[in-house]
Amino acid sequence: MSLNIALSKGRILKQTLPVLEQAGFELAEHPDESRKLLIPVKNTDINVIIVRATDAPTYVRLGAADLGLVGKDVLMETGGSDLYELYDTGMARCRLALAELVDSAKSESHLPAKIKVATKYENIARDYFARKGIQSEIIKLYGSMELAPHAGLCHRIIDLVDTGGTLKANSLVEKETICHISARLVANKVSYKLKRAELVPLVDSLKQAFEHAE
Ligand code: ATP
Ligand code: PRP
């Protein structure tokens with residue numbers, strides 16, 4: 001029975017592929033040198049499918065991929081309960097944080113009762129402010145969040161932070177860490193039951209590979 005593993009493009013692909021290769025999963029073509037998005041793993045019935053990070057849970061949830069390597073941020077935003085989160089790979093580590101302009105961090109008095117917050121993570125942001133009992137207007141953006149407060153679009157942003165370099169370069173400071181993020185190994189719920197004989201050993205060898213990579 002053939003198996004599909006969805007790999008999120010970008011940092012997750014870049015960081016996890018060398019680990020997979022070290023564990024003996026040799027791709028028929030390298031994603032850096034090929035435009036192919038479905039790539040067989042040599043000498044196996046496994047295919048790697050290269051998907052946009054935000055699409056990865058959809059592939060797994062709907063069974064187009066049996067397994068996936070997906071950012072916890074994307075899982076939280078899209079609601080991860082309809083797939084199995086099997087393992088924290090420890091790859092693509094970063095954090096989701098609330099940030100604001102350095103100048104406004106000096107005083108809270110500039111803030112209206114309802115604050116405007118720009119983010120790619122609308123659902124996480126809504127939950128976060130609801131839990132805090134803070135009124136907010138969430139503005140969905142698809143990138144370059146750090147620009148939004150400077151352009152007067154919002155008071156604060158919620159975005160991923162790793163080194164903090166992007167915040168610093170744009171005169172922003174982290175106000176609060178919302179949660180820690182890393183790439184998770186996830187499985188389609190039906191596949192995990194029906195293809196158990198193939199998936200369990202595969203998952204075990206992937207876990208081992210990531211354990212040794214940390
Ligand atoms: P999309 O095309 O879906 O918008 P993207 O362009 O944001 O994805 P990446 O920036 O590589 O692609 O992010 C993919 C995943 O990598 C994120 O969902 C997150 O889990 C993780 N990630 C993003 N930014 C960082 C970072 N600065 N450091 C570490 N991991 C990160
Ligand atoms: C991500 C994230 C931040 C940056 C944080 O952006 O959205 O902007 O990394 O990393 P740092 O703390 O190490 O600076 P990315 O580089 O993926 O660009 P994007 O805006 O296209 O997602």
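Let's start with a contact. The side chains of Glu174 and Arg95 meet in a salt bridge, 2.9 Å from N to O. This is a predicted model, so please keep that in mind throughout. The Glu174–Arg95 pair links distant parts of the chain. Glu174 sits in strand β10, residues 172–181. Arg95 sits in strand β6, residues 94–101.

How accessible are they? Glu174 is partly exposed, at 28% relative accessible area. Arg95 is partly exposed too, at 21%.

Next, a network. Lys72, Glu85, Asp88 and Arg184 are joined into one by salt bridges that share partners. Across the whole structure, the search finds 12 salt bridges.

Two more of them. Lys195 and Asp66 form a salt bridge through their side chains, with N and O 2.9 Å apart. Lys195 lies in the loop between α7 (189–194) and α8 (196–213), and Asp66 in the loop between α2 (56–61) and β4 (67–71), so this pair ties together parts that are 129 residues apart in sequence. Are these two residues buried or exposed? Lys195 counts as buried, because its relative accessibility is 17% and the cut-off for buried is under 20%. Asp66 is buried as well, at 3%.

Now Lys36 and Glu29. They form a salt bridge whose closest N and O atoms are 3.4 Å apart. Lys36 is partly exposed, with a relative accessible area of 43%. Glu29 is partly exposed, at 31%.

On to the pockets. The largest pocket has a volume of about 910 Å³. Its lining has 36 residues. Which of them lie nearest the centre? Arg11, Asp73, Lys120, Tyr121 and Leu160.

Where does that lining come from? Domain 1 (3–92 + 182–213) and domain 2 (94–180) each give at least three residues. At least two residues each come from α1 (11–22), α3 (72–78), β9 (156–161) and α6 (165–169). The largest share is from α3, with 4 residues. By type, the lining of the largest pocket divides into 13 nonpolar, 12 polar and 11 charged residues.

Last, the second largest pocket. It holds about 300 Å³ of space. Its lining has 15 residues, and nearest the centre are Lys9, Leu13, Pro31, Asp32 and Ile50. Here the largest share comes from α1, with 5 residues. The lining of this second pocket divides into 6 nonpolar, 3 polar and 6 charged residues.

That's the tour. Questions welcome.

Note on methods:
Residues are numbered from 1 along each chain as its sequence is written. Chains are lettered from A and ligands numbered from 1 in the order in which they are written. This is a predicted model: local features need pLDDT of at least 70, side-chain atom pairs count only at pLDDT 80 or more; totals for chains, interfaces and linings use all residues. Side-chain values use heavy atoms; hydrogens and water are left out. On a 1 Å grid over the protein atoms alone, a cavity is a set of points where a 1.4 Å probe fits but cannot get out, and a pocket is an open set with protein on both sides within 12 Å along at least five of seven lines; lining residues have an atom within 4 Å of a point. Grid points are joined across faces, edges and corners, and a volume is the space filled by probe spheres set on the points. Ala, Val, Leu, Ile, Met, Phe, Trp, Tyr, Cys and Pro count as nonpolar, Asp, Glu, Lys and Arg as charged, and the others, Gly among them, as polar. Domain bounds come from an automatic or database domain assignment. A salt bridge is a side-chain nitrogen of Lys or Arg within 4 Å of a carboxyl oxygen of Asp or Glu. Buried means under 20% relative accessible area, exposed over 50%, partly exposed in between (1.4 Å probe, protein chains only).
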